[in-house]
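User: Please take me through how some terms are applied to this protein.

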Amino acid sequence: MTTLVLILGDQLSPQISSLDGADKKRDIVLMCEVMAEATYVGHHKKKIAFVFSAMRHFAEELRNSGYQVHYTRIDDWDNSNSFTGELKRAIQQVNPKSICVTEPGEWRVLDEMKLWSKTLGLPVDIRPDTRFLCSHEEFARWAVGRKSLTMEFFYRDMRRKTGLLMQGNEPSGGKWNFDADNRKPAAPDLLRPRHLRFKPDTITSDVLATVDRVFPDNFGTLDNFGFAVTPSDAEKVLDSFIADFLAGFGATQDAMLQDDPFLNHSLLSFYINIGFLDALTVCRAAERAYLDGSAPLNAVEGFVRQIIGWREYMRGIYWHAGPSYVDSNFFENTRPLPSFYWSGKTEMNCLSTVINETIEHAYAHHIQRLMITGNFALLAGIDPKAVHIWYLEVYADAYEWVELPNVVGMSQFADGGFLGTKPYAASGNYINRMSDYCGTCRFDPKKRVGEDACPFNALYWDFLARNRGKLSSNRRLAQSYSSWDGMDNDTQQALRRQAAGFLAVLK
């Protein structure tokens with residue numbers, strides 16, 4: 001009674017629920033690189049290469065531990081190019097009596113899975129993804145009856161559930177959140193440790209050549225590929241973060257430096273999201289660093305909050321909101337994404353820096369995403385769905401369950417406050433305070449109008465003015481609207497004209 005176990009490209013964990021109870025002698029593991037998944041958006045070349053190399057290495061590890069693995073490569077001549085097609089081919093070869101799979105991270109793939117029992121003529125066991133702390137049912141119970149689904153309260157429940165940074169029923173240090181201590185700018189530091197990079201082995205080199213040949217026109221570059229592509233190397237990245245970066249992570253986690261794109265960030269999201277690292281285990285490692293005195297509480301709490309707070313919360317929102325969430329457009333924005341999001345060619349140094357780093361690394365840290373590329377798109381009135389697709393394409397850690405709520409809900413406020421309490425809109429003053437980007441920019445962050453005025457300034461006030469009917473009742477924007485109302489009419493009109501002139505030539 002052979003079972004065909006399908007493992008998806010972001011389920012690369014020996015503890016994945018689809019393998020629970022699998023018989024190594026009898027059952028068959030199916031893994032497949034398919035064009036449908038590689039092309040539903042135009043993924044960054046490094047993202048495709050990372051996932052394919054990680055899959056091939058994981059398949060080898062499964063074989064070495066005794067599993068029978070059927071593996072389809074993207075350029076196999078008989079590749080059907082879809083999960084359904086590859087299941088059909090495998091069924092013809094091994095004649096299984098059932099199919100087992102762990103639930104996917106996207107509505108799109110789940111819809112395909114739900115048809116398999118009928119289209120393939122076999123029972124299909126779709127199991128919960130137990131890598132997450134909060135199940136769909138648990139999140140739905142938490143959300144019932146709440147006027148707003150505030151992440152902070154969800155996060156506190158996850159702290160209580162896990163016991164992370166808890167002293168009995170109270171949070172360590174007497175506070176749940178030390179975010180106020182984590183908003184300092186950073187200075188260049190030549191002595192900062194270097195993040196681990198890994199030289200491509202034979203498998204990865206083969207993948208890089210294949211991606212270069214099959215996806216030549218995709219966004220980004222394959223140069224200097226250095227991702228960990230095995231769980232053991234991902235563990236080394238975790239150990240390095242705890243030892244070298246965690247202590248400095250907290251205070252400067254919102255900072256941005258032109259010549260230091262990674263600062264003290266963990267670079268672990270790639271490996272947690274693909275299945276190499278267990279999220280709770282990662283948090284326990286950070287907690288131990290606090291308990292043994294090698295990292296301060298504000299750093300450890302901020303890091304833990306990103307994982308058991310934001311990460312779990314975003315997944316909960318994604319499945320709770322439903323597939324129509326992607327079409328949210330509270331501000332009715334329709335402007336297309338500017339071409340410089342693809343090229344990095346813009347005179348705004350902050351955007352040029354972050355986008356060029358994204359082209360090179362398939363990565364930008366959370367403040368670069370939220371307050372540079374996301375902030376500009378919000379202020380300029382870009383179609384939020386176009387912004388969502390861009391983020392999904394360009395970042396190697398982006399999967400729709402975590403990326404969509406972050407972009408549509410948090411970054412673009414396109415859900416009208418279903419997720420967040422206010423739009424994350426800011427002028428050039430914020431960027432100047434939290435980065436060194438403005439020092440080499442041709443625009444002046446202190447000027448609001450004129451040829452050399454920072455575009456973020458006029459765009460910020462124009463955003464508030466044109467959306468006043470939708471935002472004026474938001475208490476967190478009361479001070480901003482009070483400042484706007486305190487300006488004389490000539491100043492207001494000058495700002496609106498400055499913004500209109502900039503947007504008129506934005507392509």
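Analyst: The terms are taken up one by one below.

This is a predicted model, in which local features need pLDDT of at least 70 and side-chain atom pairs pLDDT 80 or more, while totals for chains, interfaces and linings use all residues. Residues are numbered from 1 along each chain as its sequence is written, and side-chain values use heavy atoms, without hydrogens and water.

User: What makes Leu238, Ile242 and Leu246 in α9 a contact with α11?

Analyst: They meet Val282, Ala285, Ala286 and Ala289 in α11; contact means heavy atoms within 4.5 Å. The residues of this contact divide into 7 nonpolar, no polar and no charged. Ala, Val, Leu, Ile, Met, Phe, Trp, Tyr, Cys and Pro count as nonpolar, Asp, Glu, Lys and Arg as charged, and the others, Gly among them, as polar.

User: How is the packing of α9 and α11 described?

Analyst: The axes (lines fitted to C-alpha atoms over the stretch in contact, with angles from 0 to 180 degrees between N-to-C directions) of α9 (residues 231-249) and α11 (residues 279-291) come within 10 Å and cross at roughly 30°. Both are helices, that is, DSSP runs of H or I with at least four residues, numbered from the N terminus.

User: Which angle and distance describe α14 and α15?

Analyst: Helix α14 (residues 349-361) and helix α15 (residues 366-380) pack at about 115°, with axes 10 Å apart. Among the residues in contact are Cys350 and Glu357 of α14 and Gln368 and Phe376 of α15. By class, this contact has 6 nonpolar, 2 polar and 1 charged, so Glu357, as a Glu, counts as charged, and Gln368 as polar.

Key: Helices (H or I, at least four residues) and strands (E, at least two) are DSSP runs, numbered from the N terminus.
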